[in-house]
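The exercises below concern one protein chain and its model.

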Amino acid sequence: MAAEGCDRDSGRLQGRAPPQAGIEARDSASAESRLAKQALILDWDGTVTERDTLHMVIERFGDDVVFHALEEEVGVRMTLDEVIGREMATITAPLDEVVEWMLAEVRVRPGFRELVEEHDPLIVSAGFHELIDPILRREGVDARVVANHVTADLCGWRSTFPAGPICEVCGERCKRAAVAAHPALAYAGDGVSDRCVSLAAERRFARAGLAEWLDGRGVDYEPFDDLFDIARALA
């Protein structure tokens, strides 16, 4: 329950969602990019971790009813950033309490440490440094991360999303901007935030919802279970 006098929505949203543009397989990386060295880009939630940690935190500390209602609005009436901001605003627990719980409950996929040591991937997440960095420290892994920030607040956690260009392909501030410096890339992901950027990749590793989405569009990908699978494929 929100503290008395709290404005749950104030300052948490980025504005109305623009109409979603079509996302097609033709938006994939060009053949010319195959001459460049591939960079490995990893999603975090559900890709590096066995379960989506944002979902786990909202289920435990937030409002699960709001979560399930808002998930249906992604790309329809709200951007992904707007949905995440609203969902995180249902959490009022102290950050230390949430992190302590995560350190006990969150598991990373086997092969994570080895994949980082061998390929130095860039992790690009729709989640938050404050929830990702403690897991990396627990694992003893030093990895490059692009993510958002969140501030714990008794009136509801406040999400901060860095300013970025609106993607011409999907109509949102998507992950493509974070990987634009790489002319060729291999991308691994599992969910909604990975859809558009996966089409910019020369090579795709997918599971769960991303795999289903790519199947529906006839886009090639390589399935994976643990991160050893990706390491073997890249070898």
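The model is predicted: local features need pLDDT of at least 70, side-chain atom pairs count only at pLDDT 80 or more, and totals for chains, interfaces and linings use all residues. Residues are numbered from 1 along each chain as its sequence is written, and side-chain values use heavy atoms, with hydrogens and water left out.

**Exercise 1. The largest pocket**

Describe the volume of the largest pocket and its lining.

Step 1. On a 1 Å grid over the protein atoms alone, a pocket is an open set of points where a 1.4 Å probe fits, with protein on both sides within 12 Å along at least five of seven lines; lining residues have an atom within 4 Å of a point. The volume, meaning the space filled by probe spheres set on the points, is about 1,000 Å³ for the largest pocket.

Step 2. The lining comprises 46 residues, and Leu80, Ala126, Val192, Ser193 and Asp194 lie nearest the centre of the pocket.

Step 3. Elements that each supply at least two lining residues include helix H1 (53-61), helix H3 (80-88) and strand E2 (122-128). Here helices (H or I, at least four residues) and strands (E, at least two) are DSSP runs, numbered from the N terminus.

**Exercise 2. A network of salt bridges**

Determine which residues are linked with Lys175 in a network of salt bridges.

Step 1. A salt bridge is a side-chain nitrogen of Lys or Arg within 4 Å of a carboxyl oxygen of Asp or Glu. The whole structure holds nine of them.

Step 2. One joins Asp43 to Lys175, with the closest N and O atoms 3.0 Å apart. These partners come from distant parts of the chain, 132 residues apart.

Step 3. Lys175 also meets Asp194 in a salt bridge, at 2.9 Å from N to O. Lys175 lies in the loop between E4 and E5, and Asp194 in the loop between E5 and H7.

Step 4. The network therefore links Asp43, Lys175 and Asp194.

**Exercise 3. Buried or partly exposed?**

Step 1. Asp43 has 3% and is buried; Lys175, at 7%, is buried.

Step 2. Arg51 forms a salt bridge with Glu59, the closest N and O atoms being 3.1 Å apart. Arg51 is partly exposed at 45%, and Glu59 is partly exposed at 41%.

Definitions and conventions. Buried means under 20% relative accessible area, exposed over 50%, partly exposed in between (1.4 Å probe, protein chains only).
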